[in-house]
Each structure stands twice: as C-alpha cells, then as structure tokens.
Amino acid sequence: MTTLEHEARGEGTVVDRRRRARAGAWSRLDLHGSPYLFVAPFFVLFAAFGLFPLGYTVVVSLHKWDLTGDAGLIGFENYSTLLADPDFWNALLNTLGLLVLATVPQLLGALILAALLNRPIRALLFFRLGVLIPVVTSVAAVAIVFGQLYGRDTGLVNGLLHLFSVGPVDWQASRGGSWVAVASMVNWRWTGYNALIYLAAMQSISRDLYEAAQIDGAGPVRQFRSITVPLIRPALIFTVVMSTIGGMQLFTEPLLFGQGDVSGGSLRQFQTIAMYMFEQSFQNFDYGYGSAVAVVIFLLTVIAGVVNAVVGRMVRGGTQ
Amino acid sequence: MRRRTPSGHGNSLVYLTLVVSLVLSVFPLYWLFVVATRSNDVVGEFPPPLLPGGNLMDNLQRLFGPEAAEAHFARGLLNSAIASVCVTVSVVFFSSLAGFAFAKLRFRGRNVLLLSVLATMMVPVQMGIVPLYMVMVKLGWQNHLQAVIVPFLVSAFGVFLMRQYAERAVPDELIEAARLDGCTTFGLFLRVVSPALRPGAAVLGLFTFMGTWNEFLWPLAVLEADNPTVQFALSQLATQYYTDYTLMFAGTLVAIVPLLVVFVLFGRQLISGIMDGAVRS
C-alpha cells in the first residue's frame, strides 16, 4: 500500500503522473471500499431475513394479530394469557422433561465413547465413522424409523419386551412412554457428535499428565476423573449449552412420533413448546400469541444457557 | 502413543463397548433398509426379518406412483436438491468473502461488525418464523421455492467459521506480495485467498448442504403439501400413510441417499470438521 502511494506521488511525465494518480485513487478506493463490499451481502441479507424477523417477533407479540391482520396494540395481554394457559405449562413441562432425558444420557454416553476412542485401538477410523452415521442422518428419517420401532403392535421394542413378558407398551399413550421414545431419538442422533467434540478436546491433553499421574499411582478411572474431565471442561460446557439450545427447540422428533400431529398426542402428552408455538401460529393463525410463545422460548433458552454456563463454572470451583 | 500396554481384559471390554455402540448406531439405518425392501405383511413379525427382501423396486414404484401421489415425493426431491445447492453455493461464497475481509483486511468498524456477527450466531432463527412468514406473504412467496432459499443465503456461523479459517490459512505475506503485484482486493480474493480457503469452505459446504436438505420446520410453515421439500414430503408420508411402513421407509431411504453419499465420500472431512468445531447442533 505504501509503495503504491509512493509511486503515485513519484516523478514522471505529466501524462504518466496523471495516469498513476488515477490508478492510485482507484487502488485507494479499492483498498478502503472493498472490505465493506465484501461484508455487505451478509449484513444486508441477514438484516432482512434474520435480524428483522427476530426483532419484529417482539412487536407482533404485543399486538392482537391474526389471519385478518393487525388488530392493534394490546400490550402484554398475550403474555398474561400465556402465563395462565395450562397448555403452555404442559408444553413447557414436556420440553424440560425431554431436555433432561435427552441430554444427560447423551452427554454421559458421549464422554464414555470419547474416552474409549481416545485409547490406542485398532480400526479407529472405522469406529469414528460409525459414531458419525447418526449425525449424518436426517431428523425426519430418525423420527420415522424410531416411530415404527416404538409401535404398539408392530414395533421391535415391544417385540423385545415381550420376550421378558413385558407389555405391550403403548409408547404414545402415556407421558413417560412418549418421553422415553422421543428422548431416545435425540440421544441416538447426537451422542456421536458430542463424542467427537470431547475426543478433540481429549487429544489436546498432554500425555505427560497421564504419565505423571500413573507414577503417582492413579488408575484409569482416577485419571479420567482428575485429569480428563477437568481439562475438557470448555468442551463439556459447549456441548451442554448447545444441547440445551437444541432441546428448547425440539420439534421434528415429537411431531413425527405423533404422525405429524402438532398437538403432540391426544392429551398433549408430548407436545413441546416449539410445537405449541407452531400450533398457535400456523394452525390457529394467532400470530400475536404465537410470537409471544416464541419470545418466551427465546428467553427461556437464554436463561437455561446462562444457568448451565454458571453451573459449569461452579463445578470447576468445586473440584479444584 | 501411550507407553502403557493396556491389559488384555480391559482392552476386550473397550472393543466390546465400541462394537455395541457401533451396532446401536447402525441398526436403525439397517432396519430402515430391511423394511424398505420388504412387504408390509412381515413388518409386525417377531422375530423380525433381519435380511433385506426383494420388494425395494416395488415399494419405490409405489412411492413415485399414483398411490402416494399426495406426498409429491419426486417434487420434494427436486425442490430440496435445488434449494440445497443454491444455499450451499451462496453460503460458501459469501462466508468466504466476509470471513476473508474480517480476518485479513483492515477497515473502520471491523471489530464492531464482527462482534455483531458473533452476537447473532447463537440466536435460534426459529424464533423469528412468524414475522419471516409475514415477510414471505408480503413478497408473495408462500408456497414458492425461493421462500426456503433466499432467507438462508447467508449464515452468521459460516462467516465466523471462514474468518477463523482464513486467519490461519492465509499468510499475510501472500496478501502483501499480491498487492505489490497490483492485484485488486477482489482479484486477491479470487486468485490468492480462495485456493487457500478451499478445505475450510468444503467442510462448510458439506454441513450447509446437509443442514438445508434436513431443514424441517420452516418449509412446513411456508410451503404447501403440493410443493414440498423432501423432509416435508416425508412428513406427509408419515402423516397420511403411517400404516404403510414399507412405503414410508422406502421414502425415508430415498431421502437419506444424498446424505449417505456425502458420508461415504467425505466422512473423514466431516469428522475433522466436527472435531475442529465446524458444526453446531
């Protein structure tokens, strides 16, 4: 850049100097303008289709707004209706229950899997590809296959249980049964993904630490608890936060588990808040109320994320 | 390499656990394949049929024939192919461009702009779907394919990812050298930067393609059953033909073929992408 400017200011014939000056102006414009041109497409499109809808959700949620259009500002009425709405609390209960059932086994399983994959084993790539398969599969496909596996009369799960003289269980009918079925879909799909994240973190831990611990007489389990887990804490917090965000938005699995019924079973026994939002917005066409649900989902996600991050920090304080 | 040689007993337990989890990983997909190649009367049998049958062609014919016309499956495949390719090309291009600018160019307001990208990265887009739907209505795009393409042409996550990648992959000396040769900034991007960004862009492209192919909620909101994406068509199968397992499974099998192709061709890249933190759930 300095060279170009230097050249532009340099000696030469009048024509030459003018030509150079013009080239200098162009290159300066290029130098200072191009970065903005390069980031502009992102910001323009994102503002129109990302940021605006997000902000406008809050506006719509403060209006009475349905298929016939905007019927005016009603303040926080949608929110007070929501807080008194048993269907919303039911959906929230289902979402939180599923969040726990789908996150805890997933992350524990991933931790064990990663610890095993971090050992000097044969056919490592083969096993890694194996854990990747569920990540690559589409959610709808998972939901359809698992829906059949959990079928009351024709499902394999009940077939297996029958061998132990249990059932047949109507997995869809009860809250507990449907939670287990839906949570198993989430667990199946994401355990491998999280295992790979943990594995990446584990591989960056120095071998010297383990050797030192071994000299001090620490066994594999003790090494895992006292070296591995504390040192991969950033990855642990990351996966917990991401699973929480994912869990608060759970939609496809329970929807297809109930044959596309957005109310999540006859008694709404597995309707999540994302499904409730969809039902209000796109089935009852109550855009104002649906937007209020969306805002609440967002706030709950932020709260859950912050709580998880804080708990993660506190755990750190506890072990050191 | 760990110097300690694991005891034989411990090692076989490791392999046993790994093999069990491998079987659990693969079984649902294998079962999908088995049922898709069978006829409906064997589905409820126990012990279940564990080997594929000869009915795949028959089931596929039913899937694309008049019997499952309501699902508009072929249309869904075509729509998803178009949308996934458009979104992938666009996200990769614009993310590389912006990522390069954030990583390697100096301009006023860079840090503030980058921070705003980071801030929006974690916000679930799902939250804005009601106003986004209203925007589509204003534009007259409901039930048009562009409704599932245009809003996703850029990605905050993609920009962030490519910025991280460009930071590492593009040496500053290379940029200075090209500048001295009189390269314009865009020429610099095309000739010097983008070759260096290619591996990172490939991973972003793979995950963007899979993400768009798998997108579910938004197409369901903005499209109609006669002009679906492939996942929407699948949900139609699961809703309207849910007693016809072989039909449903044949459709599901077809719907995951592109994903399986990506897996077979680029499995290693996907793994390193995840391990580098290139994807989010």
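Biologist: How many residues does the contact take from chain B and from chain A?

Modeller: This is a predicted model: local features need pLDDT of at least 70, side-chain atom pairs count only at pLDDT 80 or more, and totals for chains, interfaces and linings use all residues. Residues are numbered from 1 along each chain as its sequence is written, and chains are lettered from A and ligands numbered from 1 in the order in which they are written. Two residues are in contact if their C-beta atoms, placed from the backbone, lie within 7 Å. On that basis the contact takes 77 residues from chain B and 82 from chain A.

Biologist: Which helix gives the most to the side of chain B that touches chain A?

Modeller: Helices are DSSP runs (H or I, at least four residues), numbered from the N terminus. With 13 residues, the top contributor on chain B is helix α11 (residues 245–275).

Biologist: Which residues touch the most other members of the largest nonpolar core?

Modeller: A nonpolar core is a set of buried Ala, Val, Leu, Ile, Met, Phe, Trp, Tyr and Cys residues joined through C-beta atoms within 7 Å. Buried means 20 or more other C-beta atoms within 10 Å of the residue's own, with C-beta atoms placed from the backbone. Helix α8 (residues 175–203) of chain A supplies the largest share of this core, 16 residues. Of the 161 members, the ones asked for are A:Ala114, A:Tyr198 and A:Val293.

Biologist: Which residue follows α5(B)?

Modeller: Helix α5 of chain B spans residues 129–139, and its buried residues include B:Ile129, B:Tyr133 and B:Met136. The next residue has a positive phi, near 70°: B:Gly140.

Note on methods: Buried ≥ 20, exposed ≤ 12 C-beta atoms within 10 Å, placed from the backbone. Helix = DSSP H or I, 4+ residues; strand = E, 2+ residues; numbered from the N terminus.
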